[in-house]
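Reader: I'm new to looking at protein models. Could you walk me through this one?

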Amino acid sequence: MEIGTQIKALRLRKGVTQEALARKLGVTAQAVSKWERGTGAPDIGMLPEISAYFGTTIDELFALTPEMRMERIENAIEDVRFWDPADTESARQFLTEQARKHPDDGKPHSLLAALENHLADEHKEMARDYALEALRREPTSWDPMNQLNHAMNGKFQDWNYTNHCRLITHCKALVRENPQNWRAIMLLLDQLIDDYRLEEAKSYWEAWSKFDSTYRIPLYQGMLAWQSGNREEAFAVWEKMKQDFPADWCVWHHVGDFYAKTGRWEEAIVHYRKALEVQPSPKMLDPLEAISQAMEICGNYAGAIAALNEEIELAAMDWDITEGEFVDRIRREITRLERAATVG
């Protein structure tokens with residue numbers, strides 16, 4: 001539905017004339033008439049005032065279908081760095097209503113989870129900046145250090161704070177109800193292995209290996225060996241995995257991650273490059289993110305910046321992404337690295 005048609009429907013529903021609407025908005029009745037006939041459109045800056053007058057949202061003003069509105073929310077979660085509180089509440093109410101209307105559809109709840117996680121990330125970004133400012137004023141104070149650690153997902157030594165017991169409980173229920181859901185099994189194994197609950201992890205891995213023949217089976221076999229302290233065994237398993245699945249970019253990326261975890265940065269970067277090379281288009285950009293971080297750790301700021309610039313180019317070429325929060329975030333990182341390079 002055109003916006004003019006929707007304005008006319010809302011005006012008639014409200015029982016006001018074109019002249020009355022025009023006076024309220026500070027335009028001529030002829031302008032309103034043009035909108036409703038489709039020969040003109042209100043200035044974008046007037047949309048909030050129009051939607052407020054009719055007691056509707058801007059999305060409803062455009063008469064978007066529920067599917068279109070959910071797609072718009074999904075895109076905004078990816079592209080908007082800081083959400084306006086009014087937009088947040090509107091999206092939350094809409095998604096909650098869609099979840100009520102369609103109880104068997106998981107998409108509204110999934111988007112609600114994505115929205116709340118995005119807001120949590122917003123708050124953590126703000127918390128980071130506040131904590132850093134506090135430390136500039138009181139560099140020996142423990143509380144802002146603790147807040148900075150929390151905001152940036154740093155390491156805490158407290159087992160009761162860092163273990164995954166509650167998540168493991170949910171994952172076990174999910175696997176029990178969906179025993180061949182490899183994504184659920186991977187999520188469960190990640191938590192069990194990280195918590196050193198290796199006997200439990202091994203039993204789930206063994207059941208999984210009976211019906212899955214992908215690279216994921218040797219990947220997690222190596223991870224179990226790694227967490228048991230047998231790193232040579234782990235790398236031997238992964239070397240064979242590379243031979244068996246040479247065209248799967250995830251294989252190279254995962255092995256690169258473990259080289260990075262042992263501080264073997266050059267080998268990690270070689271594997272990340274290989275992951276990028278073997279990927280079909282459109283290519284995932286994770287390897288370039290990893291290369292940039294590895295370069296920064298090594299003090300190679302020029303290399304880190306080059307990897308991020310390559311990421312911007314690839315995003316434009318393969319994904320047609322040239323603006324928005326994704327690109328803005330990378331540019332902020334480049335600016336940060338340029339400043340770090342000048343400090344040395």
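Predicted model: local features only at pLDDT ≥ 70, side-chain atom pairs only at ≥ 80, totals over all residues.

Reader: Which residues of H16 make the contact with H15?

Author: Start from the H15 side, which brings in Phe235, Trp238, Glu239, Met241 and Lys242. By class, the contact has eight nonpolar, no polar and two charged residues. The H16 residues in it are Val251, Trp252, Val255, Phe258 and Tyr259.

Reader: Are H15 and H16 roughly parallel or antiparallel to each other?

Author: Look at the angle: residues 231–244 and residues 249–261 pack at about 155°, with their axes 10 Å apart. Angles over 145 degrees count as roughly antiparallel. So H15 and H16 are roughly antiparallel.

Reader: Where is the cis peptide bond?

Author: Here's some background: most peptide bonds are trans. For the exception here, check the loop between helix H17 (265–278) and H18, where Pro282 lies. Omega is about 0° for the bond that joins Ser281 and Pro282.

Reader: In which loop is Tyr196 found?

Author: Tyr196 has a positive phi of about 60°, although it is not a glycine. Its loop runs between helix H12 (182–194) and helix H13 (198–209).

Reader: How many charged residues are in the lining of the largest pocket?

Author: That pocket has a volume of about 1,500 Å³ and is lined by 40 residues, with Glu125, Glu325, Arg329, Arg332 and Glu333 nearest its centre. Helices supplying at least two lining residues each include H8 (107–137) and H20 (325–343). Sorted by class, the lining has twelve nonpolar and six polar residues, and the charged ones number 22.

Definitions and conventions. Residues numbered from 1 in each chain as written. Heavy atoms only, no water. 1 Å grid on protein atoms, 1.4 Å probe; cavity = no way out; pocket = protein on both sides within 12 Å on 5 of 7 lines; lining within 4 Å. Points joined across faces, edges and corners; volume = space filled by probe spheres on them. Helix = DSSP H or I, 4+ residues; strand = E, 2+ residues; numbered from the N terminus. Nonpolar A, V, L, I, M, F, W, Y, C, P; charged D, E, K, R; others polar. Axes fitted to C-alpha atoms, helices over the stretch in contact; angles between N-to-C directions. Parallel < 35°, antiparallel > 145°, perpendicular 65-115°, else oblique. Contact = heavy atoms within 4.5 Å.
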